[in-house]
Amino acid sequence: MATPAAQMPRAGCPPDLDSESLSDPDPIARLADQLKAKYRGRITGELITPARPGRYAPLPPGLDPRLCAALAARGVDRLFSHQAQAWEALSAGRHTVVVTPTASGKTLCYNLPVLQAALNGQAKALYLFPTKALAQDQVAEILELNRAGELGVRAYTFDGDTPGDARKAVRTRGDIVVSNPDMLHQGILPHHTKWAQFFENLRYVVIDEMHTYRGVFGSHVANVLRRLRRVCRFYGADPVFILCSATIANPAELASALIGEEVVAVTESGAPQGAKYLLLWNPPVINPDLGIRASARSQTTRIARMSVKRGLKTILFAQTRLMVEVLTKYLKDVFDKDPRKPARVAAYRGGYLPTERRATEQKLRAGSLDCVISTSALELGVDIGALDVCVLNGYPGTIAGTWQRLGRAGRRQRPALGVLVASSQPLDQYIVRNPDFFLGASPEHARIDPDQLLILLDHVRCAAFELPFREGERFGGESLNDMLGYLEEEGVVHREGERWHWTADSYPANAVSLRSVAEGNFVVVDIGEGAQTVVAEVDYTSAPMTIYEGAIYMVQASPYQVEELDWEGRKAFVRRTRADYYTDAIDYTRLKILEAFERSASGEADNRAQSAHGEVHLVRRIPGYKKIRYYTHENIGYGNINLPDQEMHTTALWWQLAPETLAAAFSSRQEALDGFLGAAYALHHVAALESMSEPQDLGRAVGDGDAQWFATVGANGRGQMRRLDGTELDPEAEGRFRPAVFLYDNYPGGVGLSAPLFESRAAIVHGARALVEACECRCGCPACVGPILASDEVRGYSPKAAAVQVLSLLQGDGA
Amino acid sequence: MALKQRLSTLRRQAGAQRDTEAGTCAPGTQIAERVRRLRPAVPASAPATRQGACGSGAPGDAARRDARLAERLDGEVLAPGVILIEHRVALEGRHGARALRTLDDSPSDLPEAAGRSESEWIFVDTETTGLSGGSGTTVFMLGLARVQDNALVVRQYVLSAFAGEAAMLAAAGDWLGGRAVLVSYNGKSFDVPLLAARCRLAGIADPFSRRDHLDLLHPTRRAFARIWDDCRLSTVERRLLDFRRLNDLPGSEAPAAWLAFVQRGNDRLLPEVARHNHWDLVSLAALLPALAEVHADPGAWGADVAGVARAHRQRGDEERARALLGAHRDRLDDAGLRELARLQRRAGAWSEACALWEELASRGCVESRMHLAKYHEHVRRDPRAALAYCTDTSCDAALQRRRRLQDKLQRRSGQRDWFD
């Protein structure tokens with residue numbers, strides 16, 4: 001098959017100038033065929049998307065002739081249909097969201113109206129990208145178009161890297177300023193008077209990669225946009241918003257939640273597409289009794305080796321930073337054995353220093369790397385050139401995220417191969433075993449909660465600094481007067497007449513990070529060789545799990561051992577080590593219900609299941625960690641961790657069963673406990689799918705809901721009841737036995753995940769039960785109820801059956 | 001849980017390291033008020049009046065507040081919310097060791113002031129609610145000073161309420177007039193951008209930004225940054241003016257002093273803030289002629305001669321730079337000597353330049369050896385002597401020159417062979 005780009009008619013996307021001629025006419029189809037022939041049993045599903053022709057529309061009649069000429073110079077003499085639709089909506093002054101796949105020419109959707117407005121009336125535009133790297137790519141692209149048509153439009157990036165002496169020129173002379181939400185939040189809005197000219201003429205605000213603004217980050221960004229619009233109103237401007245997104249289920253809803261206005265959605269792409277092969281891959285079962293499959297990691301490295309050996313540029317996505325490092329090490333052991341040769345394999349993830357990431361991006365574009373292993377950090381549109389093969393080590397957790405990552409291969413309309421390798425996680429197994437579900441499913445909803453109390457308060461604070469609030473003004477859904485009253489007591493605002501003025505000697509935006517609810521990142525400092533070098537950053541919430549004393553912390557597959565953790569100073573001191581193991585933290589979580597906001601219809605009286613959502617208090621202790629040897633993955637020891645308990649008020653959804661019901665349904669409390677733990681495992685994974693959150697945004701716990709005990713899976717694979725201090729309890733010896741399973745929002749204050757989950761609780765329980773029942777294992781496995789170590793005979797009952805029993809009882813909550 | 005409690009708890013769990021300092025306000029009435037406002041349905045049994053210091057009272061209250069503060073500061077009410085303090089400082093008097101009379105002398109020895117010596121100087125210094133900048137920082141005291149009728153007239157505009165801001169900025173702008181040049185200490189990066197932001201927020205034209213501005217921090221740094229531990233104004237006062245403040249309120253405490261007044265009506269420290277600001281302005285006035293003297297004769301003031309000479313050169317006065325460096329040759333470090341050699345070369349004083357390069361070369365300065373090589377090759381036309389300076393093999397320039405000189409010598413000797 002020939003490269004489709006070669007015969008493709010040119011439309012609103014730069015022509016493919018890639019002249020790479022591979023000796024093999026279609027090495028990608030060949031690799032796909034070989035994989036299918038050799039590993040037939042492992043491939044559970046296959047999707048071939050044939051090349052698709054484009055749909056076109058003529059250039060709009062009102063388009064500035066200079067712009068037409070610029071497009072013509074780049075070989076564009078007509079638009080894709082979605083570009084024309086966006087033009088029409090924007091010409092009518094409507095806020096617009098465009099949702100089309102990668103490489104569909106969506107940037108032209110906003111560049112056209114923005115350039116037109118800049119040429120015709122001094123109108124300015126602000127572009128926001130989630131990361132600095134994307135912003136720099138974008139400026140390069142505008143400049144190219146600018147040069148092609150000699151448009152004389154000035155586009156600049158403005159971010160933390162912009163030198164001080166260049167900033168004034170950007171503020172006063174830039175027609176298009178390309179920045180990121182963090183910079184808008186900390187660098188632009190608090191200094192808006194310096195940007196007065198810019199704001200007075202601001203006509204368009206472009207928000208690309210909109211789908212990344214969900215959860216905590218999205219809730220913060222929605223508030224930054226509230227502040228932006230407030231400042232614009234001060235200067236008499238009311239800009240039109242153009243948003244672009246990868247595929248999600250509710251683009252219009254998300255866009256409208258972000259900007260607080262109605263939006264028009266353009267969702268049908270008119271761009272042509274190269275052929276795509278997608279394989280769903282399930283590792284073979286190696287222990288049928290325990291339902292244990294070969295690791296996804298082993299399959300991923302195997303596929304990557306085949307692909308790289310065939311000269312195909314390959315990208316691997318892993319779920320965790322740790323797995324990125326493990327995969328990188330294994331592939332470097334194969335391809336980078338000779339230290340004198342330039343590396344062919346590189347890792348890319350958050351936590352690396354920006355310079356290192358830029359260097360890797362550059363090498364990818366130049367084609368000097370053959371394989372990159374990344375977390376979701378590369379899921380965004382960072383320009384890394386054309387890749388051929390994409391292997392997902394584990395299901396990314398969302399359907400939208402899966403397509404987004406797979407889109408990394410074949411960006412320039414070349415054929416591409418994607419392989420989704422399932423891990424033993426329940427969702428993964430569910431998906432590879434039900435390929436039709438995945439291939440036909442609609443992507444998830446992206447949700448934000450801009451009125452989350454802490455987040456909203458942070459931004460009321462920042463907004464009060466920017467402009468005094470006036471009586472009767474609104475900001476967000478909570479009572480602004482109460483918020484200002486709180487801040488007045490804190491002494492940071494002062495009411496005088498009809499206005500609240502900022503009265504603190506501080507710069508509030510610096511204390512607010514958009515990427516978390518928590519404050520204060522930790523830096524990882526290498527103290528080897530006498531010097532102190534910062535090698536990475538770790539956010540506050542994940543610090544207790546990753547940089548405890550004794551932890552092995554990996555950077556580019558090199559292990560560092562944490563020697564000292566300075567909790568107050570937010571620093572971890574590490575030293576290079578030669579350890580042949582990695583470490584994994586153990587986590588005890590105890591929960592107390594504070595208040596139920598809403599309960600299911602069923603009452604306690606009739607002994608049916610009860611469910612509710614509300615506010616909870618949880619205490620998490622990380623008592624120790626396991627050392628796990630590379631390759632064999634055997635547990636080779638434990639270490640103690642001495643860290644303060646993490647406390648959190650958040651919101652949760654929970655189910656409880658009456659003691660009488662349990663006594664009737666189970667022969668022992670131990671069996672019920674195992675059933676609850678298995679049910680929690682399945683519920684957690686189905687709920688993550690339901691809420692389009694990162695899996696770590698949601699936590700699960702089993703306990704009494706009164707902070708007396710919690711349940712955990714012990715080393716023998718059986719459920720244990722413990723107090724927070726670690727004391728083990730005997731379930732049969734306890735008084736009233738009323739366990740509950742919790743799914744909680746894993747941020748202080750919650751980010752609004754539990755209320756929608758409560759709404760769809762029936763679907764979650766149903767999905768969890770279907771997941772467990774449909775699993776092929778005999779008595780439970782990591783794909784349904786979690787790993788089972790002790791065999792069926794020892795227990796005398798099946799943990800899987802116990803979980804199904806619990807789930808079927810939970811279905812009776814009257815939802 | 002009440003909003004406040006909920007918020008504090010959540011913030012602590014989110015890793016906030018210091019508890020926000022609530023309760024700077026009078027506790028009882030504030031909390032009662034908050035409870036009332038948090039639960040508007042509950043009838044207000046607590047007193048509903050929240051007597052803020054200068055909050056939303058009746059117009060009469062505001063007038064009384066202004067009058068009280070004016071009296072406290074020994075000033076007059078200029079407009080609602082603005083107090084004006086005016087003092088005349090006789091030029092016959094002294095400020096530390098300096099006579100203010102020298103202000104009348106032309107400061108043209110200061111490179112920045114050259115060509116503007118006929119201008120009228122206006123000294124400016126502000127007190128603000130914070131040092132971080134950004135639109136949440138307010139100027140609550142704007143001090144200006146200029147010479148009028150044989151005296152330094154110091155005018156300080158003080159806000160007694162945020163509402164007075166526009167009037168204060170406009171009044172100060174009027175007093176500035178058209179042609180004046182601002183003189184400040186760090187005003188280019190702090191005071192003036194802040195005043196510009198305040199004007200923008202108050203919706204009035206900005207009389208401060210598009211105006212000539214002499215920021216004395218820059219000449220001070222150039223002359224003393226390498227000599228003193230810091231260039232704070234207090235250091236300058238001690239070292240150049242021999243002026244020592246007694247019982248001065250540190251500038252860093254000014255924000256809290258004003259906020260105490262605005263939030264709680266406590267005006268106790270405001271007179272001290274005004275005195276601090278007054279001294280800043282008088283020191284500025286004394287510093288301008290002092291810095292001019294430093295630039296005329298840096299040696300006498302223990303200043304960094306090389307730094308001062310560089311400033312003269314950058315302003316186009318190479319001769320003065322050369323004379324200064326030459327006169328203080330024994331105090332120069334190697335960089336200063338190299339600069340002097342360069343100026344000597346440009347002035348055609350080759351023997352002085354060569355002596356300097358020889359001295360530097362003897363201490364291993366490759367650059368000076370290259371200068372000597374160039375001199376011998378191109379001025380003296382003696383490639384053999386030039387070659388002797390190109391022995392340093394670690395330097396590419398030296399290697400190249402050596403190769404070239406060797407070729408040159410070879411060609412010449414070839415020619416000689418041919419003629420012989």
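Me: Let's start with B:N150: buried or exposed?
Reply: B:N150 counts as exposed, because it has 11 C-beta neighbours inside 10 Å. The cut-offs are these: a residue is buried if 20 or more other C-beta atoms lie within 10 Å of its own, exposed if 12 or fewer, and partly exposed in between, with C-beta atoms placed from the backbone. Keep in mind that this is a predicted model, where local features need pLDDT of at least 70, side-chain atom pairs count only at pLDDT 80 or more, and totals for chains, interfaces and linings use all residues. Residues are numbered from 1 along each chain as its sequence is written, while chains are lettered from A and ligands numbered from 1 in the order in which they are written.

Me: Where is B:N150 found?
Reply: In chain B, B:N150 sits in the loop between β6 (139-148) and β7 (151-159). Helices (H or I, at least four residues) and strands (E, at least two) are DSSP runs, numbered from the N terminus. B:N150 also has a positive phi, near 65°, and is a residue other than glycine.

Me: And what is phi of B:D74 near?
Reply: For B:D74 the value is near 60°, again positive in a residue other than glycine. B:D74 is in the loop between α3 (59-73) and β1 (76-79) of chain B, and counts as exposed with 12 C-beta neighbours inside 10 Å.

Me: How many helices and strands does chain B have?
Reply: Chain B has 16 helices and nine strands. Of its 420 residues, 39% count as buried.

Me: New topic: how many residues are in the largest nonpolar core?
Reply: It has 119 residues, and those with the most contacts inside it are A:A682 and A:L683. A nonpolar core is a set of buried Ala, Val, Leu, Ile, Met, Phe, Trp, Tyr and Cys residues joined through C-beta atoms within 7 Å.

Me: Which helix gives the most to this core?
Reply: Helix α22 (residues 669-691) of chain A does, with 13 residues.

Me: Why does the core lie between two domains?
Reply: Because domain 1 (4-9 + 26-51 + 274-415) and domain 5 (588-810) of chain A both give residues to this core. Domain bounds come from an automatic or database domain assignment.

Me: What is A:L683 in contact with?
Reply: Leaving aside neighbours within four places in sequence, its contacts include A:V741, A:L743 and A:I764. Two residues are in contact if their C-beta atoms, placed from the backbone, lie within 7 Å.
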